[in-house]
Amino acid sequence: MPRYFFHVIHKRRELDREGYELPDEHAAWKEATVTAGQILQGLHGKLTPDREWRMEVADESRNTLYVLRINA
C-alpha cells in the first residue's frame with residue numbers, strides 16, 4: 001500500500017516523517033480534509049491573522065499531490 005505524508009505549515013513547518021499507508025490518492029485527500037479540520041479545531045482561536053495555515057499532502061516520492069490553504 002502506498003504511503004502519504006501530511007506536512008503542516010503555520011508558525012513553523014511540521015514535517016510528517018512517518019506518513020500513513022493508504023489505498024490511493026482519494027483516500028489521502030479524505031484523510032487530509034478530516035485531519036486538517038481536527039487540527040484547526042484544536043487551535044482554539046489561535047490561528048494567526050495575516051499568516052497562512054497550510055497542509056501539504058505528498059506521496060512516497062515526496063511529490064506534492066494536494067495543498068489545503070487557510071488564509072486568516
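The following conversation goes through a predicted model of one protein chain.

Me: Before we start, what kind of model is this, and how are residues numbered?
Reply: The model is predicted, so to speak of local features pLDDT must be at least 70, and side-chain atom pairs count only at pLDDT 80 or more, while totals for chains, interfaces and linings use all residues. Residues are numbered from 1 along each chain as its sequence is written, and side-chain values use heavy atoms, with hydrogens and water left out.

Me: How many helices and strands are there in the chain?
Reply: The protein chain has one helix and five strands. Both are DSSP runs numbered from the N terminus, with helices being H or I of at least four residues and strands being E of at least two. Starting at the N terminus, the order is β-β-β-α-β-β.

Me: What are the overall dimensions?
Reply: The C-alpha trace spans about 40 × 20 × 15 Å along its principal axes.

Me: What share of the residues counts as buried?
Reply: Of the 72 residues, 33% count as buried. Buried means under 20% relative accessible area, exposed means over 50%, and partly exposed lies in between (1.4 Å probe, protein chains only).

Me: Is strand 1 enclosed or open?
Reply: Strand 1, residues 3–9, is largely enclosed by the rest of the structure, because six of its seven residues are buried.

Me: Which strands does strand 1 pair with?
Reply: Strand 1 pairs in the antiparallel sense with strand 4 (residues 52–58) over five bridges, with strand 3 (residues 20–21) over two bridges, and with strand 2 (residues 13–14) over two bridges. Two strands pair if DSSP finds at least two bridges between them. Strands 1 and 2 also form a hairpin with three residues between them.

Me: Which residues are bridge partners there?
Reply: Val8 has Met55 in strand 4 as its partner, and Ile9 has Arg13 in strand 2. Tyr4 stands opposite Tyr20 in strand 3.

Me: What about strand 5, where does that pair?
Reply: Strand 5 runs antiparallel to strand 4, and seven bridges join them. Glu52 has Asn71 in strand 5 as its bridge partner. The two strands form a hairpin with five residues between them.

Me: What is in the largest nonpolar core?
Reply: The largest nonpolar core has 12 residues, among them Tyr4, Phe6, Val8, Trp53, Met55 and Leu68. Strand 1, helix 1 (25–42) and strand 4 each give two or more residues to this core. Helix 1 gives the most, with four residues. A nonpolar core is a set of buried Ala, Val, Leu, Ile, Met, Phe, Trp, Tyr and Cys residues joined through side-chain atoms within 4.5 Å. In soluble globular proteins, nonpolar side chains tend to be buried together.

Me: Switching topic, how many aromatic pairs are there?
Reply: A search of the whole structure finds two aromatic pairs. In one of them, the rings of Phe6 and Tyr20 have centres 5.8 Å apart and planes at 65°, so this pair is edge-to-face. Phe6 lies in strand 1 and Tyr20 in strand 3, 14 residues apart. Rings of Phe, Tyr and Trp (its six-membered ring) pair if their centres lie within 6.5 Å; planes under 30 degrees apart count as stacked, over 60 as edge-to-face and the rest as tilted.

Me: Are those two residues buried or exposed?
Reply: Phe6 counts as buried at 8% relative accessibility, whereas Tyr20 counts as partly exposed at 46%.

Me: Which ring does the charged end of Arg62 sit over?
Reply: The charged end of Arg62 sits over the ring of Phe5, 4.1 Å from the ring centre. The criterion is that NZ of Lys or CZ of Arg is within 6 Å of the ring centre and within 35 degrees of the ring normal.

Me: Where is Arg62, and what is its phi?
Reply: Arg62 is found in the loop between strand 4 and strand 5 (64–71). Arg62 is not a glycine, yet has a positive phi of about 70°. Most residues other than glycine have a negative phi. Arg62 is also exposed, with a relative accessible area of 51%.

Me: Last one: what does Leu40 touch?
Reply: Leu40, in helix 1, touches Leu47, Trp53 and Ile70, not counting residues up to four places away in sequence. Contact means heavy atoms within 4.5 Å. Leu40 is partly exposed, with a relative accessible area of 27%.
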